[in-house]
Structures are given as C-alpha cells and as structure tokens.
Amino acid sequence: MATAWWEECIVYQIYPRSFQDTDGDGIGDLKGIIQRMDYLESLGIDAIWLSPVFCSPMADFGYDISDYYTIDPLFGTLEDSDLLIREAHERNMKVIFDMVLNHTSIEHPWFQESRQSKDNEKADYYIWSDSIPNNWHGAFGKKAWTYDDVRKQYYLHSFLEEQPDLNWRNQEVVDAMFSILRFWLDRGIDGFRLDVINCIVKDKTLRSNPKIVGSRPRPYDMQRHIFDRNRPGTHQKLRMMRQLVDAYPDRMLVGEIMVELPGEPELAASYLGRNRDELHLSFDFSLAYTRFNAVKWQRSAKRWCEAIGKNRVPSWVLNNHDISRLVSRLTGNVAKAKLASLFLITQRGSIFLYYGEELGLPDSKVPWKYIHDPLGKRYWPVHPGRDPARGPMIWTVEEGHGFSVGESWLPFAPDAASYAVEEQEKDASSMLNYYRSLITMRKEEPIFGRGTCTYLNTNNKHIICYLREYEDEKCMIILNFNGRKQNVIIHDMVHPKTDWTIRFSSQKMLPDTETEAFNLQPWQGCIYSLKSKSS
Ligand code: GLC
C-alpha cells in the first residue's frame, strides 16, 4: 500500500510571533513566513505547522480564539494565509494550522452572547453552573470555575479564565466547530494540530476528580483527570472528525494529548483509534521529559512504539512552544543535542521540529519586564513560564538579527549572533548543516521513516543500539550517551563488524583499531549501513 505523506513526514513548527517580522512591530507575521519560504524549503521539511494565527485577544497568545474565520491583524489577512498556503504548496510543503477546539476566547461572540442569560441562543455553548459543581483544576493552576457577573453563574475553563470551555455535548457546537474545519480545508489547509484534544468532552454530570494521594503530586494539580479529560465521547467526536477530514484527499490530524504526569504514551496512542479511525498522529512528550540517559531513552522510545504498534504511526518530538528548548535542557552541550536529534531523525514515523531547533538555539533569558506568558506571570521567578522557548529566530548577526527592524517582543537568546542562519550556512560543521544532512538522508532512504526497529544488546548502560530494516536493507545506529569513549560490542548481532560501513556520524570518527568493537567518542552517534553482498 502506498504510504501517505503524514506517515513519514518532517513537520517544522513555527511560532509565528517569533519567526519573521515584516512591519517593524517586533512581532512576526504571515508575510514574514512567506518571505522565508526558500529557507524552509532548503531544510528539506515536508510541512510547516503554525501556532494559532486566528483573531485573538492574546491572553494565551492565540490559544484563545475570538474569530476562527479570520487571521489576527497582527499576523496579516486571509489573503496572506491564502498566499502562504499557495507558496508552500508550490514548494511541495504542506501547511498545518493549530486549531483550538476545546475552548474559545472569552471575547468570542458566542461567549459574549452565552453569558447574557440562561436562555439565549448560545446559552448552552459553554458549561455553566449555579454553584461550583466539582473540584476541577485549571491546567495553569487555580480553580477551573469562574463566576460571571452578567449571567450570575459559574463557567468552566480548563485553562485560563479567558478561555471558557465549549460544550461539546451540544450538537450545535459540534456542527459549528466542524464548519470551521471545513472552511480551512476548503481553503487548502493540509491538516490541523488539535490543541488539548483529549479534553473536549466532559463528564455529563460533572463529577469531581479523585485526588492524587501519595507519590509526589504536583502542587497545583493534585487530582486524577478522570472526569474532565479522556471521556469516551471524545473518541466518538474524533471518529467523526476523522471522517470529515478524510473526505478531503491527503489531509491530516495530529493531536496534543494532555497528560497528568509526563509520559503516558498508551493514552496518546489510544487517540489514534483501535481501528485507526481517530487522529492520524498524536504527540507523546515522554522523551522530552526523560533524563538524558541511554537506558531511560530506550525504555521510553520502546514503550511509545509498543503502544503505537506496527500498524499505526508514531510521531517524535523534542521541542515545542510549551517546553524549555532541548539545548537548554542539556545545559548547552551541543554534542548531546546532536546525539538527541540523531536519535529523533532515525525513528520510524513522523518527526516534529520546532523553529530554531535546527540552529541549536537555547532558551532566551527573559527578565520580569518581558514576561508575557500567563503561566510565567503566575509562577515567575520559580517558573519563568514558556516565553524563554519562544524567543525570536536568529537570521543574521547584526542588531535585530534579521528578525525585525523594531524592538522584538521577546529577547533574543544569549549570544544570539553565534546561532545566526547566515553564519551557520557558511560553516559545514554547523548545527544547521547537521540537521540538513540528517533530513536529506532520511528523505533519500525510506529505511529511516518506514523500516522496522529492533534494539540490540550491548551490555553497556551508556549505549543505545538499534537495527533498522526495510526490504533487503539494514542499517544500525549506535549512540553513546556518555561523556567517555566507549568500545561497543554488540552481542545479538548476526553480522560481523567488517560487514558494516559508516554512513553518518555526529562527530569525527576515532581511528578504528578494534576488530570486534565499535569505538565511539563521548556523546557520539553513528549510523552504519550493511555493505551490499555484491560489493
Ligand atoms: C496547549 C498549547 C498551549 C496552550 C494550551 C491552552 O497545551 O500548546 O500553548 O496554552 O493548550 O490552549
């Protein structure tokens, strides 16, 4: 069976505020993304995913939408989005929009109408209650219920109080949201990244969640989200959404699944549907939260693959707009970051990259006066929020870094010039060129996206070693997760060392002195191919 594009694609997430500004307001825009199309094409990616660009009061930077049918003037116009889709398609790249279906902005006309009375036309578009009916928490801390002075009732918000939850038990809401999806599909969008999609349907009788007892609960979220997330009705809605989307050729749904504690791959996998009839792809963030350690990474990746199974497609992600950037999590160790991305790019399925990841960009340092993220405002300085991971893209070395002629809305990463695209392009050993060659290799050789994966035993807790096989090709990946050289002997390997030839390395190779063992530098990752029998 032919492979669909989303089964082995590389998606590049753009946080539009921070990618490229063209009007000098210090905030990126759609025209900016269009201007950088050649760069995007040069990366070899298959698709771009844009964090929300719809009309929004920006309480949560676009994740609070007040009009799903228009582009926020900050970012541009509908014509700009049409042009962006066209320009991307001309370069064989797909465009995915971030779609927030769980909640709207408090300023959405539906909410404004809904709050007026208990019996207006939109009265049941949201979830209202005379008193606080349960113990549900908002994901950003605080109670999930806020009193509205106008309607004199409480409304539910699983996130900020500016983000009231829609009532997905109301068929009119379902129809309205499906019309929005169709509107964008008709305009040529190739798919959606569905925000917190496992939250949409709530318990019918709004029962309280059980409290977490014992083991290190998080202070702001001490409950099991049994009744406000993962309701059976959500799966049913997703099956309908899948049918809607599949009526258009080649479109795709990838979902963000909210988890209680990092690492619930089985939950993320369940949203692909037992019969592959829900999301096309879902995110598992386990790796991004797993300590950089061979045993732990291997365990985490294996568990995700097992949850997904052979017939469905795993997706892989190390960075996004909600988490500290990989390089910062690895305290600036570039060799480790290269190893991590080698692991990422040699996995079966689809890969999600986050703008700046290809530059090895670290988090920005964001002083209090620049903190925008509501999470940061609430928890700073204990937690700086998510602004540091959303710093502007670095294109050039001079002031403004080619991002904006105005003052950028967030500070650039420290030592920004050293990450500039224009400099990295000139340097064959730069992170940017490293990513490019990894991506090219993956695209040229289907074994990486499609092949099976078997972990091999090396009896070395610092090493991950796996065999990828596709048709009659084989390649082997060996990764050293340690700061010392390792001599790696592979125990359950049928091919002697001499059968393997080096295909790619994250670092300069050590002189080969061993007959049996593979010598790896600190933090080195290598890909070997099996020499063909005829050579
Ligand atoms: C998702 C988004 C995050 C947003 C939240 C509420 O987790 O990734 O940025 O704040 O949903 O919409």
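The model is predicted, so local features are given only where pLDDT is at least 70 and side-chain atom pairs only at pLDDT 80 or more, whereas totals for chains, interfaces and linings use all residues. Residues are numbered from 1 along each chain as its sequence is written, and side-chain values use heavy atoms, with hydrogens and water left out.

## The ligand site

Around the ligand there are 14 residues, of which Asp60, Asp195, Glu256, His321 and Asp322 come nearest; a residue is near a molecule or strand if one of its heavy atoms lies within 4 Å of it. By class, this shell holds seven charged, three polar and four nonpolar residues, where Ala, Val, Leu, Ile, Met, Phe, Trp, Tyr, Cys and Pro count as nonpolar, Asp, Glu, Lys and Arg as charged, and the others, Gly among them, as polar.

| Residue with polar side-chain atom | Distance to a ligand oxygen atom |
|---|---|
| Asp195 | 2.8 Å |
| His321 | 2.8 Å |
| Arg386 | 2.9 Å |

Taken alone, the ligand exposes 310 Å², and the protein buries 97% of that area; accessible areas come from the Shrake-Rupley method with a 1.4 Å probe, and for residues only the protein chains shown count as cover.

## The parallel sheet

Eight strands make up an open sheet with parallel pairing, in the order β11-β10-β9-β5-β2-β1-β13-β12. Its edge strands are β11 (281-282) and β12 (315-317), each of which pairs on one side only. Helices (H or I, at least four residues) and strands (E, at least two) are DSSP runs numbered from the N terminus, and two strands pair if DSSP finds at least two bridges between them.

Within this sheet, strand β1 (residues 10-14) runs parallel to strand β2 (residues 47-50) and is joined to it by four bridges, with Gln13 standing opposite Trp49 in β2. Four bridges likewise join β5 to β9 in parallel, and here Ile96 stands opposite Gly191 in β9. Strand β5 (residues 94-99) also contains Phe97, which counts as buried because its relative accessibility is 1%; buried means under 20% relative accessible area, exposed over 50%, and partly exposed in between, with a 1.4 Å probe and protein chains only. Phe97 and Phe54 are 43 residues apart in sequence, and their C-alpha atoms are 9.6 Å apart in space.

From strand β9 (residues 191-194), Gly191 and Arg193 point one way and Phe192 and Leu194 the other way, and all are buried. Strand β9 is joined by four bridges to strand β10 (residues 252-255), which runs parallel to it, and the bridge partner of Gly191 in β10 is Met252.

## The antiparallel strands

Strand β15 (residues 463-470) is mostly covered, with seven of its eight residues buried. Strand β14 (residues 452-455) runs antiparallel to β15 and is joined to it by four bridges, with Thr452 opposite Glu469. Eight bridges join β15 to strand β16 (residues 473-480), again antiparallel; Ile464 has Leu479 as its bridge partner in β16, and Ile463 stands opposite Asn480. These two strands, β15 and β16, form a hairpin with two residues between them, and Glu471 in the turn has a positive phi of about 50°.

Strand β16 is mostly covered as well, six of its eight residues being buried. This strand pairs with strand β20 (residues 525-530) in the antiparallel sense over five bridges, and Ile478 stands opposite Cys526 in β20.

## Helix α11

The 12 residues of helix α11 (residues 334-345) should span 16 Å at 1.5 Å a residue, which agrees with the 16 Å between its end C-alpha atoms; the expected span is 1.5 Å times one less than the number of residues. At the start of α11, a side-chain oxygen of Asn333 reaches to within 3.0 Å of the backbone nitrogen of Ala335. Because 10 of its 12 residues are buried, α11 is largely enclosed by the rest of the structure; among the buried residues are Lys336, Lys338, Leu339, Leu342, Phe343 and Ile345.

Methods. Polar contact = N/O pair within 3.5 Å; in protein donor to acceptor, adjacent residues only side chain to side chain.
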